[in-house]
Amino acid sequence: MILSTHAVVGAAIASFLPEHPAAAVALAFASHYALDAIPHWDYPIASASMDPKICGPMRLDRAFLRDVLTIGADGLLGVFAAFILFASPQTRWVVLLGALSAMLPDALQFLHARFPHEPLKTLQRLHRWAHSKREIKARVAAIASQAALVAGVTALSLAAHGTGLLTASLAASPTGAP
């Protein structure tokens, strides 16, 4: 799954647990593995030093820069979408924690390639075990399936919160307001 998908799902989970940030972080983190178990498409990684399957030596070349920009833009888009969809003045920090926690396992894969020690070794084994062995090859269908998953999670979450699309962040009054 792409980082944006992980971020939105993690934020949706966290939005239900604003008084329990540790539980929100743990469940959002675990959601990463559950989502990766679903057959999906990942954008290609051009740099051997960024690809967790290759774990090549660090080379700051054009492919590395392209991957950093792609991955960074994907993650930022996910956090931005999470905020727009689920954050209110009372929940913004837990929503941010949920989005970041749900994306964290992919960053830990990169760290594992550089520092293959515990607890990263165990988390990498979990990541490989949980990750679907089947990949959706048709790019349009793969992107559409992740968009549908995000839309479904968003609709269910906002319905459970009793808010409409894009009104979750507007529904709560500002902190300190009467």
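How many helices and strands are there in the chain? There are seven helices and zero strands, where helices (H or I, at least four residues) and strands (E, at least two) are DSSP runs, numbered from the N terminus. Read from the N terminus on, the elements go α-α-α-α-α-α-α. Keep in mind that this is a predicted model, so local features need pLDDT of at least 70 and side-chain atom pairs count only at pLDDT 80 or more, while totals for chains, interfaces and linings use all residues. Residues are numbered from 1 along each chain as its sequence is written, and side-chain values use heavy atoms, with hydrogens and water left out.

**Burial**

- Of the 178 residues of the chain, 39% count as buried; buried means under 20% relative accessible area, exposed over 50%, and partly exposed in between (1.4 Å probe, protein chains only).

- Leu 77, Phe 80 and Ile 84 make a nonpolar surface patch of about 300 Å².
- Patches take residues with over 30% relative accessible area and no salt bridge, joining like charges within 9 Å and nonpolar side chains (Val, Leu, Ile, Met, Phe, Trp, Tyr) within 5 Å. The areas come from the Shrake-Rupley method with a 1.4 Å probe, and for residues only the protein chains shown count as cover.
- Ile 84 is found in helix H3 (residues 62-86), and Ile 84 counts as partly exposed because its relative accessibility is 31%.
- Leu 77 lies in helix H3 too, and its 52% relative accessibility is why Leu 77 counts as exposed.
- Leu 77 and Thr 5 sit 72 residues apart in sequence, yet 9.6 Å apart in space, C-alpha to C-alpha.

**The second largest pocket**

- Leu 77 turns up again here: the second largest pocket is lined by 13 residues, and Ile 2, Ser 4, Thr 5, Leu 77 and Val 150 are the ones nearest its centre.
- The volume of the second largest pocket is about 190 Å³.
- Helix H1 (3-14), H3 and helix H6 (139-161) each give at least two residues to the lining of this pocket.
- By class, that lining has nine nonpolar, four polar and no charged residues. Ala, Val, Leu, Ile, Met, Phe, Trp, Tyr, Cys and Pro count as nonpolar, Asp, Glu, Lys and Arg as charged, and the others, Gly among them, as polar.
- On a 1 Å grid over the protein atoms alone, a pocket is an open set of points with protein on both sides within 12 Å along at least five of seven lines, whereas a cavity is a set where a 1.4 Å probe fits but cannot get out; lining residues have an atom within 4 Å of a point.
- Grid points are joined across faces, edges and corners, and a volume is the space filled by probe spheres set on the points.

**The cavity**

- Searching the whole structure turns up one cavity of 30 Å³ or more.
- The largest cavity holds about 30 Å³ of space, and its lining includes Tyr 33, Pro 105, Leu 108 and His 127.
- H4 and helix H5 (120-130) are the elements that give two or more residues to the lining of the largest cavity.
- Sorted by class, the lining of the largest cavity has five nonpolar, four polar and no charged residues.

**Around Glu 118**

- Side chains of opposite charge can pair when their charged atoms come close.
- The structure holds one salt bridge, which calls for a side-chain nitrogen of Lys or Arg within 4 Å of a carboxyl oxygen of Asp or Glu.
- The partners are the side chains of Glu 118 and Arg 125 (4.0 Å, N to O).
- Glu 118 is partly exposed, with a relative accessible area of 49%.
- Glu 118 is also joined to Pro 119 by a cis peptide bond, with omega about 0°, and Pro 119 lies in the loop between H4 and H5.

**Two more spots to look at**

- Leu 104 lies in helix H4 (residues 92-114) and counts as partly exposed at 37% relative accessibility.
- Leu 104 and Ala 7 are 97 residues apart in sequence and 9.5 Å apart in space, C-alpha to C-alpha.
- Pro 18 lies in the loop between H1 and helix H2 (21-36) and is partly exposed, with a relative accessible area of 28%.
- Pro 18 and Arg 92 are 74 residues apart in sequence and 8.8 Å apart in space, C-alpha to C-alpha.
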